[in-house]
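User: I am new to reading protein models. Can you take me through a few features, one at a time?

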Amino acid sequence: MKILLVEDDRQTADYIAKGLREHGHVVDKTDNGRDGLYMATGEPYDVMIVDRNLPKMDGLSLVKAARGAGTRTPVLFLTTMGGVDDRVAGLEAGGDDYLTKPFAFAELLARVSALARRPPIVTTTALRVGDLEIDLLARTVTRGGKRLELLAQEFKILEYLMRHAGEIVTRTMLLEKVWDFHFDPKTNIVETHISRLRAKIDKGFDKPLLHTVRGAGYVIRASD
């Protein structure tokens, strides 16, 4: 495997790199996040091992930026920050696994090998439900070949619903994923946007796609 190691502690970096190379892997390493991002986005790697606390750019920012640039290399965060919130932050930033220092090299090697065995992630650029389609790159929506004009929040709601097509999406889920509210704002903001979205994607078409599930939430599906 070809592995990128981003670790600012020289002793730790040398220890990891030596062990990985002894197992036949190729290791590129750097001691700061800025160079790590440049390397991560500049050439393909099988796995990245990234420390959380790095100079010039922290590990979370590095991985977020790499993911934003289209890099899908599996990432193992290596850090002294082992709390639940820290682990969640690492995974939400785009990390795939999390190992807390101090660690046993055998465990690190096993985790790296497991990440490398994962099937490659297929990046979705379009979503379709029935004759309704979202182009995620062009940020366009069509139904039956007809272009639909959606506002930014309407687009986000529709994208989330279509990523969960056939599943009930609750009001709370939409508040968290679309508006980043982790509390109930005590308004009808969700209901208002759903009503407007339904009018745009269903009005004038034979079969409705957006359905309200009484007492539960909303679901988008091709058949009722």
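User: Which handedness does the crossing of helix 6 and helix 7 have?

Analyst: Keep in mind that this is a predicted model. The crossing of helix 6 and helix 7 is right-handed.

User: At what angle do helix 6 and helix 7 pack?

Analyst: Helix 6 covers residues 152–163, and helix 7 covers residues 171–178. They pack at about 125°, and their axes are 10 Å apart. Angles over 145 degrees count as roughly antiparallel, and 65 to 115 as roughly perpendicular. The angle here therefore makes helix 6 oblique to helix 7.

User: Which residues make the contact?

Analyst: Helix 6 brings Gln 153, Lys 156, Ile 157 and Tyr 160. Helix 7 brings Met 173, Leu 174, Lys 177 and Val 178. By type, this contact has 5 nonpolar, 1 polar and 2 charged residues.

User: Does Glu 159 count as buried or exposed?

Analyst: Buried means under 20% relative accessible area. Glu 159 has 17% relative accessibility, so it counts as buried. Glu 159 sits in helix 6. Beyond its neighbours within four places in sequence, Glu 159 contacts Leu 127, Ile 134, Leu 136 and Arg 139.

User: In what order do the strands of the sheet lie?

Analyst: The 5 strands run 2-1-3-4-5 in an open sheet, with parallel pairing. Strand 2 (26–30) and strand 5 (97–100) are the edges, each pairing on one side only. Inside the sheet, strand 1 (residues 2–6) pairs with strand 3 (residues 47–51) over 4 bridges. There, Leu 4 has Met 48 of strand 3 as its bridge partner.

User: Which strands does helix 1 lie across?

Analyst: Helix 1 (residues 10–22) lies across strand 1, strand 2, strand 3 and strand 4. Helix 1 runs at about 165° to strand 2.

Note on methods: Residues are numbered from 1 along each chain as its sequence is written. This is a predicted model: local features need pLDDT of at least 70, side-chain atom pairs count only at pLDDT 80 or more; totals for chains, interfaces and linings use all residues. Side-chain values use heavy atoms; hydrogens and water are left out. Axes are lines fitted to C-alpha atoms, for helices over the stretch in contact, and angles run from 0 to 180 degrees between N-to-C directions. Helices (H or I, at least four residues) and strands (E, at least two) are DSSP runs, numbered from the N terminus. Angles under 35 degrees count as roughly parallel, over 145 as roughly antiparallel, 65 to 115 as roughly perpendicular and the rest as oblique. A crossing is left-handed if the near helix is turned anticlockwise from the far one by less than a right angle, and right-handed if clockwise. Contact means heavy atoms within 4.5 Å. Ala, Val, Leu, Ile, Met, Phe, Trp, Tyr, Cys and Pro count as nonpolar, Asp, Glu, Lys and Arg as charged, and the others, Gly among them, as polar. Buried means under 20% relative accessible area, exposed over 50%, partly exposed in between (1.4 Å probe, protein chains only). Two strands pair if DSSP finds at least two bridges between them.
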